Amino acid sequence: MNVRWFFLLILLFSCTAQTPKQKESPPGRLQLPNPKAGIVHKRINCRADTAFSYALYLPKAIENLPEAEKAFPVIFFFDAHKRGALPVEKYAKLAETYGFVLAGSNNSANGQQPTAMKQAVSMMLSDVEKRFRIDKKRMATAGFSGGARVAAGVALFQDKGITAVIGCAAGFPQINTRFNTSFNYLGMVGDKDFNYLEMVNLDLALDQTPIHHYLLVFDGKHDWPPAEVMREGFEFLAFEAMKRDPKLKDESLIETFLSRNDSIKKVAYETNDL
């Protein structure tokens, strides 16, 4: 893992204010019990156009809170081959642990024309926003391979309010115009991935921009990261939210992160990997 990832904790410790009781959010729209929480729905048709659909996971906690508090962060996933259910199924347990809504596009794929890609993105984001009570200040995108370029492109070029991007196994799309820099970026790549050098070079290039960024390298090839690796991605999103809003500070999550990484460092030291 890139050493700079641990520097994120330094900023967290600056959030010393005690967490006050959060104000209740105004009631919103939530379609329960259909679709139900706690299970992966492989196809939710967009109401505006049923030619577009997405996979969906709602954490069980969304059913157990008062209506006024049912606002959850969301991750919009983009696969390279229209496999929206793949990342949603793969990371559903993490969504349950960290309290995220997951939505994976069944239409976004490599080789699409820009207009088709933008329509697929807009249809899913708009449908999720209208049908479910999501926290619009905590919307993130994530993608694999060509889908990683889509995920980054949404934050770079489209006014969708995306605050963070997790790019897996590929970097940014071609940039030939002005672009947004008000989001955070976590790159994830296997050390045997053929796009490894691209991700390393992107990490270096982002040093010249205002985008807060980190690179996480894991033992793997060209694929969606294993769930145990993506856990770092969910924590990245949680920590970035804490930095923006001290009321979201979660001492238990920070302690768990520190304990796990202390164990990792101890094992690495004992095996001379440091």
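Guide: Let's start at Phe179, which sits in the loop between S6 and S7. Helices (H or I, at least four residues) and strands (E, at least two) are DSSP runs, numbered from the N terminus. A word on what you're looking at: this is a predicted model, where local features need pLDDT of at least 70 and side-chain atom pairs count only at pLDDT 80 or more, while totals for chains, interfaces and linings use all residues. Residues are numbered from 1 along each chain as its sequence is written, and side-chain values use heavy atoms, with hydrogens and water left out.

Back to Phe179: this residue is partly exposed, with a relative accessible area of 34%. On that scale, buried means under 20% relative accessible area, exposed over 50%, and partly exposed in between (1.4 Å probe, protein chains only). Together with Phe157 and Ile175, Phe179 makes up a nonpolar patch on the surface, with about 240 Å² of accessible area in total. Patches take residues with over 30% relative accessible area and no salt bridge, joining like charges within 9 Å and nonpolar side chains (Val, Leu, Ile, Met, Phe, Trp, Tyr) within 5 Å. The areas come from the Shrake-Rupley method with a 1.4 Å probe; for residues, only the protein chains shown count as cover.

Ala169 is also in the loop between strand S6 (164-168) and strand S7 (184-190). Ala169 counts as buried, at 1% relative accessibility. Its backbone has a positive phi of about 70 degrees, although Ala169 is not a glycine. Most residues other than glycine have a negative phi. Ser145 has a positive phi too, near 55 degrees. You'll find Ser145 in the loop between strand S5 (134-144) and helix H5 (146-157), buried at a relative accessible area of 12%.

Now for the sheet that S6 and S7 belong to: eight strands form an open sheet in the order S1-S2-S4-S3-S5-S6-S7-S8, with mixed pairing. Two strands pair if DSSP finds at least two bridges between them. S1 and strand S8 (212-218) stand at the edges with a single partner strand each, so one side of each has no neighbour in the sheet. On average, neighbouring strands here are turned by 20 degrees against each other, direction ignored. Such angles run from 0 to 180 degrees between N-to-C directions, using axes fitted to C-alpha atoms, for helices over the stretch in contact.

Helices lie against these strands. H5 lies across S3, S5 and S6, running at about 150 degrees to S5. Helix H6 (residues 196-205) packs on the sheet as well, touching S6, S7 and S8, and its direction makes about 155 degrees with that of S7. Contact here means heavy atoms within 4.5 Å.

A salt bridge is a side-chain nitrogen of Lys or Arg within 4 Å of a carboxyl oxygen of Asp or Glu. Glu89 is partly exposed at 41%, while Lys42 is exposed at 52%.
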